[in-house]
Every structure is written in structure tokens, then in C-alpha cells.
Amino acid sequence: MIKTTCGLDCPDACGITTSTQTFPKIEADKKHPTSNGTLCSLLNRYMFEEPRVKVAKIEGKEVSLDIAMEAVANALKSDKKLLWRGSGNFGVMQEITNLLFEKIEGTTTKGTLCDGAGDEGILKGREVNRILPPEQIANAEVVVVWGKNITVTASHLMPHLKGKKIIVIDPIKTAIAKQADIHLQVAPRSDFYTAIMLSRFAIMGDYEDVEFIEEFAPDIEDFYDFTKEFRIRPILDYIGTDLSEMGKILEMISGKKTVFLVGNGVQKYSNGHHVLHAIDSLAVTLGKIAKEGCGVAFLGNSKLGFDNPFEIKGKKVQKATTNFSEFDTVLIQGGNPVASMPNSSRVIDELKKSKTVIYFGLYENETSKIADIVIPAKNFFEKEDIRLSYAHHIVSPMRTISSCDYGISEYDFTSTLLQNLGYEALKDESYYLNLWLEQCTKKEDYYLSPAYQEIPYADGFGEDEDEEFVFIEEYSDDFIKTKQFTRARKKSKKEIIITEYWLITPKASKALNTQFKRDNRVILHPSLGFEDNQSITLYSNYGEHKFVVKNDEEMRNDAVLIYANSIGVNFLTPDILSEEGDSACYQEVKISIR
Ligand SMILES: Nc1nc2c(c(=O)[nH]1)N[C@H]1C(S)=C(S)[C@@H](COP(=O)(O)OP(=O)(O)OC[C@H]3O[C@@H](n4cnc5c(=O)[nH]c(N)nc54)[C@H](O)[C@@H]3O)O[C@H]1N2
Ligand SMILES: Nc1nc2c(c(=O)[nH]1)N[C@H]1C(S)=C(S)[C@@H](COP(=O)(O)OP(=O)(O)OC[C@H]3O[C@@H](n4cnc5c(=O)[nH]c(N)nc54)[C@H](O)[C@@H]3O)O[C@H]1N2
Ligand SMILES: [Mo]
């Protein structure tokens, strides 16, 4: 039997056992510290059902891999070339193509489609984004699931929640919300206010952890003053809650070891950094961080503590709002930007203006369809790699289990092009793999990241771990004006006719971003008055697209939901960057229905 690891972009990064003889039969590695004995259907089933790109193409014509690679080499000789990498595979070797772009003086990207805004908010308070080890989640007594659809997107955390008090803060009545002791069904994009209000009431009600604050966060008085700048009544109305519900939450947490599991949902907005900074400030006020069974877990920095051999300098452009037309040659690796980036019409226009688009991936998708050159990749069962995770510290090798004679690995792709273009060859593949493993400590059969700490921030915050926490003390928001709060209050609820809806766009259970099963549904509250299976057009300032209606009581009546795997969802989303953190803001948009 061989042990390997799932490479799909998911926090769990599950251990797998299989053998070359029995593959594609795979099983969960029951000894792997983060597996719970099962593998999800994405890995077990949908990945194997998805038709692969099995032959290289130039302008739609099938050619041999050698000829296609020569065409890629020629295209990379142009002046302006860009590498745009997606997150289809989470192995570290994906980044080896950086070494090619360093040599040819090409442009790469900075920023992210994913968690950049939230990450920046964490850095503001703690200076480093350390991962909360799952053991601390297991040690907690109360778990606050905040904008994270845990049963779908991180199902291997579910066993840790057994027997605990659960508080869910989410505009949708998700599966975990249905099991929760308290579900705060907040208005979308109101989490900053929720965190600030909870902090204010915590201090007013003497729920704060005085001893902890003295040592780690003495600036609390200024933070308290800051929370008082916000008016209680209109803001609680806006969030969709009241004093008694806020009180219940604080009572449930008080005196109990509490973990906050914060997901991407809270920060898909221009002010996403404020949200994570406010949630951290709340956790510090309550003393629910840097202790056993406590902490705020967001997507952590998986590469923290590593020297990354693939980090390069050179020109970088924004990943979420790339102007592809500025480049003659665009190499798209492991991603599907035509469907996954915001504002699809703009992305398609931009890509059409660039001379040569190269798609290097596993599956046919919206991006492969418009590419000039298509190069088939190998999947993570067909090459060697190392897997890190943004939710735990286990570092796991990924092994070659199966052969693939039509695809090429990222290492071979880079190596071939460097040779073809006359540059010095790469070192052996094992050299790079070992560079990662050598930096780890060994824990039984597994490796542990150099950043591992049993209780993160136990000695303090900052790089040197002896600094104080920095509270949030300023807030700006151009999208929602606080004046709206007073206006909404003056009208009775009946008078307000909603014509524009928030767009909630979370991850789907049968897809991994745009890979695997796709959809075309929009989910609405029945009170909006549409029929199931009716086809409707949604439009925003950025574009429009048709979707098929599914009614669901789990929705609020001021929001519609379209999963991230849905065909056309990103025709509606804005190509704007978060105020800080260089992140996409998929939900900073209101949509109308035709
Ligand atoms: N099955 C599956 N698993 C996945 C993925 C997948 O595509 N499919 N993708 C992976 C990737 S790339 C990532 S980044 C992670 C992300 O996983 P999560 O962090 O769970 O992120 P999302 O699924 O985007 O949204 C999470 C929740 O946020 C809620 N939400 C939306 N808007 C708001 C808001 O304004 N406030 C609050 N409080 N909640 C809000 C949504 O209703 C949803 O329940 O999942 C990973 N795991
Ligand atoms: N509306 C909306 N849009 C979103 C989001 C959302 O919540 N809502 N979420 C955003 C988030 S969090 C993320 S992370 C992005 C993800 O967006 P992308 O990074 O573009 O990821 P995918 O769309 O899944 O495309 C991954 C592609 O990688 C290729 N691939 C897989 N494995 C390999 C490999 O080993 N080698 C190579 N060369 N190719 C491979 C496959 O062909 C696959 O089609 O989407 C973002 N888009
Ligand atoms: Mo993501």
C-alpha cells in the first residue's frame, strides 16, 4: 500500500491509501491525523468521472505534445508574457513554473480570488496568520461557525463539533445552522457590525477577560470607545438581530473554551479586512484566543515558516482584475479564470485581445475553449509533490500512483521549456521536493510544518511573539452608508419593496470551484414569487445571465444564492479589488431579477 494525499483545493488535505495495482480504488488513510476515516465524493467519484484533456491542441487542431510545447516556447519569446496560476492543485510543485518566468523575465500575479481581504485583517491585529491546529477545535466547548459552510467545505472538521454548543452566523440556514443552538441569520455584509456590537456588549456586560487583556491587549479602552461610535438600535435592526439574541450569544460563550471558525463568506467584500480584524478584536476582548481550546481559525498561511524555493521577484499584476490584453502571451496554469474570476464578460474580452492564450490543465472548461494552445496536465496521482494545508500543519507527500502518457507534470513542463529556450536546466525533481521536507519536523509517519505551535500566540502576537494585539480602531465603507440605517427604520417593514438583492455565492458540494459537477440554479426565498424551474435573468452593473429557480425557505428575502460552480455566476460579479489584501470581492454587488 502507498500513502498519498489529496491535492484538491480544500482545507482538509486528506491522507489516502492505495496501491498501483488496485488504483483507482482509493481509501482514507485512517492514521492520517486530519482524516476522519472517509473520503469525500469529490475525490472518490467526481474527479474520476470528469473527462480529461487527453491531447494537446493548437487552434483547436490536435497535435503531439512535442509540437504543442514548441509552440508554447515560441509564444514565450514574445516581449510581454504573463503566468496566471489558479488553485486547481494545491501541491507546492505547481509553483515551479515561477522559475521559468523568472528566467524569461515574464510577469506573474499577486493577490488572490480567495482569502486575501480576510488575511489582511488578521495581519492587522496579529501581524502573522498562524493556523489554529484542529486539536484546539477538538478541545473547545463552544464553536462559533461564522460564514463557513463547514459541512460542505471542510467536512473533516465535523467530528470535532460533536457534543459542543454551536453558534452559527450566516445569512443562509445552512446544514450546520439547522443543528446549531443559536443561528444568527444576519444580513449579508453586516459581520463587521455584528463583531463590533458583540464586543461592545461584552465590555458593557463585564464579559471581557481582564487578566488576558492586561497582558496581551491593554489598548482595550480605545477599542471600547471605537465601538461606541456605532449606533446600537439601527445597526441591530440592520443586522437583523436584537439585544436579547446578542446577550444569549455572549452568555453561551462566557466562561467556556470557544473557537471561532471563520469562513470566506464574511470577507468577499471590499471591506473584508475590517471584518476579520473586528472578529479577532472580539475574540481578544473575550480572551478566546491564544489559549487551549480557543482561537480564531480562518484560512491560515500554509507556507508560513518555510523558505520557498519558488518565490521570485519581478513584475506582478493583480490576479483578481488582470488586464490580460496587456500581454502578448498568457499562460493559464491550473485555473479556469473565464469562469472563476469576477466579471466574466470583461475577462473574455481581455483574453480575446491577447495574442496567444495557453491553457495548461486537466479538464476542458470555459478557459480551454478559448485558448490558442492547450497542454494536458497530469493529476496528483500521476506525479510527485508535497501538500501543505491552510487549516492544519501536516505536510504530506503526494506520490505517483498511476501513469499518464498524454499529460505533462509542472516540473517537466518547466524543464522542457527552459531547455528549449536555451536556459540552464532545473535541478533534479527530488532536490526541490526535499527542500520542502527538510524544513519540516517528523511526527511519526508524517511531517509537520516548521510553523507548528500547539497553541498559537500563547506567548504573544507579532513576528517575535512578544507583542500586543492591535485592536481595530478605524472603519470606512463606501458601499453602505450608515445613513441608510436610519432611513430603513423610519419606514415600516411592509413599505420597503426590495428590488435589488445581495448575491451569496458559496461553494457547492459536488464541485471543487469550477471543477466537476456544474449547475445553473438560483436559490430564492419563496416570498419573492417565482416558480420552481422557472428560467429568469439576473442582472447587475457588470452583466447578466439566465438561471433556473429553486425556492428555499433557508434563504433570507433580501438575498439570492448562486453556488460558485454555477455556469454564468461570474457574469454578475464585480471586477473590483478589496480595499486591502488584493482580493476579489464576489459579493460586493446587488442584483436585479427580470
Ligand atoms: N465541496 C467543496 N469544498 C470546497 C470548495 C468547493 O468548491 N467545494 N472550495 C474550497 C475553497 S477554494 C475554499 S476558499 C473554501 C471556502 O469555504 P467556506 O469558507 O465555507 O466559504 P464559502 O463556501 O464561500 O461560504 C461560506 C458561507 O458563508 C456564508 N456567507 C455568505 N455571505 C455571508 C456574509 O455576508 N456573512 C456571513 N456571516 N456569512 C456569509 C454562506 O452562506 C456560506 O454558508 O472551501 C474549499 N472547500
Ligand atoms: N462566484 C464565485 N466565484 C469564485 C468563488 C466564489 O466563492 N464565488 N471562489 C473563488 C475562490 S475561493 C477560488 S480559490 C477560485 C478558484 O478558481 P480557479 O483557481 O480558477 O480554480 P478552478 O475553477 O477550480 O479551476 C481549476 C482548474 O485547474 C486544473 N487543474 C487541476 N489540477 C491540475 C494540475 O495538477 N495541474 C494543472 N496544470 N492543472 C490542474 C483543472 O483543469 C481545473 O479546471 O474561484 C473563485 N471564484
Ligand atoms: Mo478558495
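Predicted model: local features only at pLDDT ≥ 70, side-chain atom pairs only at ≥ 80, totals over all residues.
User: What makes the radius of gyration of the protein agree with that of a compact globule?

Analyst: With 594 residues, a compact globule would have a radius of gyration near 25 Å, and the protein has 24 Å, so the two agree. Along its principal axes the C-alpha trace spans about 70 × 55 × 45 Å.

User: How many helices and strands does the protein have, and what share of its residues count as buried?

Analyst: There are 19 helices and 28 strands. Of the 594 residues, 60% count as buried. The accessible surface comes to about 24,500 Å², and carbon and sulfur atoms hold 46% of that surface.

User: Why is Cys-14 called buried?

Analyst: Buried means under 20% relative accessible area. Cys-14 has 7% relative accessibility and therefore counts as buried.

User: Why is Cys-114 called partly exposed, then?

Analyst: The range for partly exposed lies between the cut-off for buried, under 20%, and that for exposed, over 50%. Cys-114 has 28% relative accessibility, so Cys-114 counts as partly exposed.

User: How do you know how many disulfides there are?

Analyst: A disulfide needs a pair of cysteine sulfur atoms within 2.5 Å. By this rule the count is 0. Take Cys-14, which is in no disulfide: the nearest cysteine sulfur belongs to Cys-10 and is 6.4 Å away.

User: Is Phe-516 buried or exposed, and what does Phe-516 touch?

Analyst: Phe-516 has a relative accessible area of 3%; the cut-off is under 20%, so Phe-516 is buried. The residue sits in strand β23, residues 515–516. Leaving aside residues up to four places away in sequence, Phe-516 touches Leu-8, Leu-42, Tyr-46, Met-47, Glu-50, Tyr-363, Lys-510 and Ala-511.

User: How far apart are Phe-516 and Phe-48 in sequence and in space?

Analyst: They are 468 residues apart in sequence, while their C-alpha atoms are 9.3 Å apart in space. Across the protein, among contacts with a separation of 6 or more, 75% are between residues 24 or more positions apart.

User: Which residues of helix α2 are buried, and what do they pack against?

Analyst: In α2, residues 65–75, the buried ones are Ala-68, Met-69, Ala-71, Val-72, Ala-73 and Ala-75. The buried residues of α2 pack against strands β4 (56–58), β5 (61–63), β14 (329–333), β15 (356–361) and β16 (373–376), and against helix α17 (410–420).

User: How far apart are the mean positions of the positive and negative charges?

Analyst: The mean position of the 70 positive charges is 6 Å from that of the 88 negative charges.

Conventions
Residues numbered from 1 in each chain as written. Chains lettered and ligands numbered in written order. Heavy atoms only, no water. Helix = DSSP H or I, 4+ residues; strand = E, 2+ residues; numbered from the N terminus. Rg over C-alpha atoms; globule rule 2.2 N^0.38 Å. Buried < 20%, exposed > 50% of the residue type's maximum accessible area, 1.4 Å probe, protein only. Contact = heavy atoms within 4.5 Å. Areas by Shrake-Rupley, 256 points an atom, 1.4 Å probe, with all protein chains shown as cover. Lys, Arg positive; Asp, Glu negative; His and termini not counted. Charge placed at Lys NZ, Arg CZ, Asp CG, Glu CD.
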